[in-house]
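Keep the picture open beside you as you read.

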Amino acid sequence: MSKKYLGNELIRTEGIEKSFGPTKALKDISFKALHEGEIRGLVGENGAGKTVFISILAGILRPDKGSIYWHGKRVTFNSPSDAMQLGISVVHQGTDLVPEMSVANNIFLGREKKTIGRIVLDDKKLQDEAGRLIDEFFGIVIDPSLLVEELDVVAQKVIQVTRALSRGTKLLIFDEATAQMTEKEKHRLFYLIRKLSNSRVGTIFISHILEEVLNVADTITIFRNGEEITTSDKDEITLPKLIKMMTGSEKGLSFPLKTTPSNDILFSVYGLTVGNRLKEVSFDLRYKEIVGIMGLRGQGKEDLLRAIFGIIPKKIEKMLLKGKTVTTDSPFEAVKNKIAFLSDKRDEEGMFLTRPAIENLNALHWEVLSNRAGIINHEQEVSQAERAVRKYDVRTSSLGSLGSSLSGGNKQKLLVARLALAEPDLFLLCNPTYGVDVGAKNQIYHYIAELATLGKGVLMTSDDINEVVNLCHRVIIIRNGMITNILPATVENSHEILREVYESVEIKNP
Amino acid sequence: MRFFGRCMKALKSRIPDMRHIRKNRAMTTWSIVFFLFFVEWIIFPESLGAANLQTIFIIAIPLFFATLAQTMVMIVGSIDLSIGALMSLTTCIASYLLVENLALGIATLIVLGAVVGLANGFLVINLKVNPFIATFGMMFALEGAALTIRNYPGGAVPESLLGIVKFQIYSISIYEILILILGAGFFWFFLNKTSSGIHFLATGASRSVAKNCGINVDLVTRKAHLICGLITALFAGLFLTIRFQAGSPLVGEPYLLFSFAASALGATRVSGGDADAGSLLGAVFILTLIENAMNLALIDTKSQWIIEGFLLLVILAAVGSSKKRRSG
């Protein structure tokens, strides 16, 4: 499908360079011209420079060298609003919508007067205009009087994009916008993105999931170590080729060998209920076992681990860990009982962004590192952190660098290392490999497998069937707040598992 | 030479990265301190005299402890607006009790500080009142109490306590310097060497992350308010009483803004999660020297307030914008 671009050139860059201290984040990036109506996939490993490059296009960072050409004319951005005024908008994974306000109000927030031409608000008029815009851009109908919190993720993305386009956006950048979507939701979003390209909007689509990029993009640009490797037509590229160019080697996903779990029960849950989101859930986990939890978003999968860890309140008959009854009414109690939790919200619930890496690493076991008076053994603290950084391959310029300076994959490896250092009996991992590149993923799989061989139990949620069948021993399927099935996690079972996950779930269309 | 260089390189690579050696953190602050002192000395040569050096420390000590108290709650991500009022109340009570019975007086201050600190913690954590509102209400209650006890300045301080600040060897106030160094030293040790200190910082850096790390963030916040109350009453209030040799129901008021400004100027992260003992001490001296210079210039108290208020806003704005630039 060699699509011919009727549109004019929209944006290109020449020789963009950017350094942070001694690290060169971008070395001479000449982004090949993107045309109106073109969807460009941008891929690269963590730390390849995608985020920095996008930040430069969005006016958040200023390049040290090089220039940006907009419609062939050289432009400089002094602030994000400069870029926005030209017509560049970034759509992130979260939303920046106000959940308690209506669709129409969100779209025109701050421009109500301009839109309807007077100060006294006329909801009807705003809503009509909003409905018209959504229909114009996407050809779909969303009731503009609905509150944003009542919409599903894809519809929320539609609102975000509509707002951007109604402000005159010509270039849309999707930065990991699909990170928390299920397969079905993604496909709906891709369909809508392709529709958009008919209205001559240029799109840059960034994702760690390469299949996604191959699915949606017309052309693909590959970054490696701050350099642009190539830009080529989607049809000229295959997945293995893409991985090879991204990583410089032909490595794909590689899973560790599965070991056999013990026959003894490590952890069991009886009758766990969370409001009306989880009903009477019971299951058990053996020593050395990795159990995956799958289900569509909103079906209760997210709440299960959080409830066990005591973040959200629950009703429960009983919970046994190593044969003893444990209560976990707060994370504090859970950690005391040797249960550790890895959140899927890395920056909000995982990393101390403003604290140094070493404190982030040791955050779960200061008690072990300090004497009875609470005074920390500095030598042990440092030596342990150094060993962990080496073992878990956390790439940071020093143990003193702030948590925010690490790249996504390295943050995730650090968090896994933090959990492992505390030596709990039970690991609760929420989507442990979400948003990290192939290399880091493989490493994290090996760390998780190693935890199991050391006699620990691992409960992990995942959206990736590949990961579940290759890493886990069993998989729990959750639907409508109930465990509908527990299946052995084998490659042969993949279809069966997926069928269970998707079966008879109502899917709202935007 | 080359050999030497290689040795240094080898040596450096062997030194582990240590988180607490963040060099030059307090350097800027202390450079400003010495610069200010130099300027003051040129304009008012008498500022190096024994009497003025003593004055500087008498001003600095209550301010230091007020700042330390404020910083304790700021690092966990809270704030205390009742510090100034508690200091006033302390001076009112202390100026009665200390001359009667020193031990009873001190014990009363400890109880007062603990009660106010526990109450603030209870309001913020158990009743979930926003710390701004909770401690603002506490401020009014304490001011009322202070006015009930003393309607106008009065009372006295025992000679033994005055001796602490008056004692000088070669015009150097040994005790006061010792108190400041001990205070700052304890704070440094707490932040860098104790697990409770790390728990405080973690709670302020991100409550939800700290929770997931098994830190009892509610307990930590209550502890911070308790410590804040104790430091305020027992140290900041007591030394303020000594400074004025009397009790007064409004004397502590300016310390609310001062404590906040000195803390922010002293590298404390306003939203919580970071502080530095050396910078904090330096910031206290910056404010002290400004006040001292205005006293030497014979500026009256009301004008001083206007100038100080304005200066503090400038300082805070400068701190704010420099942070923005660094992060952007």
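1. Let's begin with the two domains of chain A, whose C-alpha centres sit 32 Å apart. Domain 1 of chain A covers 9-247 and domain 2 covers 265-502; such bounds come from an automatic or database domain assignment. Where they meet, domain 1 of chain A puts in nine residues and domain 2 of chain A puts in 13 residues. Two residues are in contact if their C-beta atoms, placed from the backbone, lie within 7 Å. On the domain 1 side of chain A, the residues split into two nonpolar, five polar and two charged. Here nonpolar means Ala, Val, Leu, Ile, Met, Phe, Trp, Tyr, Cys and Pro, charged means Asp, Glu, Lys and Arg, and the others, Gly among them, are polar.

2. A word on what you are looking at: this is a predicted model, in which local features need pLDDT of at least 70 and side-chain atom pairs count only at pLDDT 80 or more, while totals for chains, interfaces and linings use all residues. Residues are numbered from 1 along each chain as its sequence is written, and chains are lettered from A and ligands numbered from 1 in the order in which they are written.

3. Now chain A as a whole. You'll find 19 helices and 21 strands in chain A; these are DSSP runs numbered from the N terminus, helices being H or I with at least four residues and strands E with at least two. The radius of gyration of chain A is 24 Å, close to the 24 Å of the globule rule for 510 residues, so chain A is as compact as a globular protein of that length. That radius is taken over C-alpha atoms, and the rule is 2.2 Å times the number of residues to the power 0.38. Buried residues make up 48% of the 510 residues in chain A. Buried means 20 or more other C-beta atoms within 10 Å of a residue's own, exposed means 12 or fewer, and partly exposed is in between, with C-beta atoms placed from the backbone.

4. Have a look at the open sheet in chain A, where six strands line up as β7-β8-β9-β4-β10-β11 with mixed pairing. Which strands stand at the edges? They are β7 (88-91) and β11 (227-233) of chain A, and each has a single partner strand, so one side of each lacks a neighbour in the sheet. Two strands pair if DSSP finds at least two bridges between them. Val91(A) stands opposite Phe174(A) in β8(A).

5. Is Ala58(A) buried or partly exposed? Ala58(A) counts as partly exposed because it has 19 C-beta neighbours inside 10 Å. Leaving out residues up to four places away in sequence, Ala58(A) touches Pro80(A), Ala83(A), Ile88(A), Val90(A) and Ile173(A).

6. Finally, chain B has 14 helices and zero strands, and 47% of the 328 residues of chain B count as buried. The contact between the chains takes 25 residues from chain B and 29 residues from chain A. On the chain B side, α9(B) gives the most, with six residues.
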